[in-house]
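Biologist: I would like to learn how to read the contacts here. Can we take them one at a time?

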Protein chains: 2
Amino acid sequence: MTARAISIGEAARQSGVKVPTIRFYEQIGLMPAPPRSEGNRRQFDEKDLSRLSFIRHARELGFEMDDIRELLALTEQPQRSCHEADSIAARHLREIEMRIAKLQALSGELRRMVEECGHGKVCECQVIHVLADHGKCRSDTH
Amino acid sequence: MTARAISIGEAARQSGVKVPTIRFYEQIGLMPAPPRSEGNRRQFDEKDLSRLSFIRHARELGFEMDDIRELLALTEQPQRSCHEADSIAARHLREIEMRIAKLQALSGELRRMVEECGHGKVCECQVIHVLADHGKCRSDTH
DNA sequence: GCTTGCTCCTATAGTCGCTAGAGGAAGTAA
DNA sequence: TTACTTCCTCTAGCGACTATAGGAGCAAGC
């Protein structure tokens with residue numbers, strides 16, 4: 001049994017990547033241009049599905065397109081050392097951890113702001129006052 | 001002593017908002033169009049500086065432009081109840097906390113991925129394998 | 001064969017929050 | 001006067017899509 005052609009809609013359903021996004025990925029060269037049917041429709045195969053799922057998953061994990069491009073290139077050379085894949089992931093992990101630290105400082109500031117708001121008038125509102133004056137913040141990380 | 005006119009460069013230095021960004025804010029109506037000098041240069045005043053600083057600080061705290069627009073409108077009506085400012089900030093806080101939770105799940109996944117990588121060949125690399133198969137993830141939050 | 005309704009096609013423009021660059025005019029210091 | 005800096009407008013670009021318009025293909029029912 002030969003590989004059945006998969007339509008773009010079917011590919012979208014199976015991979016979780018939306019139809020216009022698949023076309024967009026083709027346009028920017030992240031996905032190869034698939035063969036077309038007589039009626040000019042894209043015909044995907046199982047390999048395309050894997051690639052789409054890989055991309056979707058990496059995007060969900062917050063990898064940038066350039067990283068994904070590199071990771072995809074690595075998957076095409078399975079005999080190479082995985083050192084590069086590892087270092088991309090490790091760098092990404094460091095970035096995420098920094099983003100978490102920053103967001104935690106922000107949420108602390110916001111929580112303090114909201115808690116100290118006496119629910120009175122705007123002219124006394126801590127939310128407004130803190131926003132107007134960075135000096136009222138506890139951390140300098142923003 | 002009357003209010004001295006402040007140039008856009010000076011306003012940028014004092015507020016921490018870059019020159020093109022100030023012009024951009026004027027363009028999208030976030031800042032009022034200031035009066036001009038004979039030579040067609042923008043003349044800002046202290047009130048503009050406060051507004052710019054307010055915007056910058058709110059941006060640093062991750063507020064979106066629409067939120068900032070609302071908050072700025074509130075500052076112009078100091079006698080109103082601060083209920084709205086409070087709810088904008090509270091909603092924003094909830095969003096940030098959700099983002100933190102998501103990022104923490106991601107960083108856990110990434111850390112596991114990197115730790116389990118045996119630094120062998122790509123074809124055995126956990127980083128690649130996990131990306132290719134969501135089933136290998138511990139959490140469903142992405 | 002015809003109609004209905006779905007999926008697919010291309011191409012363009014819009015989103016957000018800026019940032020960069022071109023090409024020129026105004027202001028300032030030596 | 002010359003050189004340098006700052007300012008002006010306008011346009012286009014970024015990333016990663018998303019939306020819309022205006023068609024064309026295709027399958028099922030009648």
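Biologist: Of the atoms of DNA strand D within 4 Å of the protein, what percentage belong to sugar or phosphate?

Modeller: First, the ground rules. This is a predicted model, where local features need pLDDT of at least 70 and side-chain atom pairs count only at pLDDT 80 or more, while totals for chains, interfaces and linings use all residues. Residues are numbered from 1 along each chain as its sequence is written, chains are lettered from A and ligands numbered from 1 in the order in which they are written, and side-chain values use heavy atoms, with hydrogens and water left out. Now the share: 83% belong to sugar or phosphate, and the rest to bases.

Biologist: How much area do chain A and chain B bury between them?

Modeller: The size of an interface is often given as the accessible area lost when the parts come together. Buried area (1.4 Å probe) is summed over both parts. Here the figure is about 4500 Å², 75% of it on carbon and sulfur atoms. His57(A), Val122(A) and Leu131(A) supply 15% of the area chain A buries against chain B, more than any other three residues.

Biologist: How many salt bridges are there between chain A and chain B?

Modeller: A salt bridge puts a side-chain nitrogen of Lys or Arg within 4 Å of a carboxyl oxygen of Asp or Glu. The count is two. One of them joins Arg111(B) and Glu97(A), with the closest N and O atoms 2.3 Å apart.

Note on methods
A residue is near a molecule or strand if one of its heavy atoms lies within 4 Å of it. Buried area is the accessible area (1.4 Å probe) that two parts lose on being put together, summed over both.
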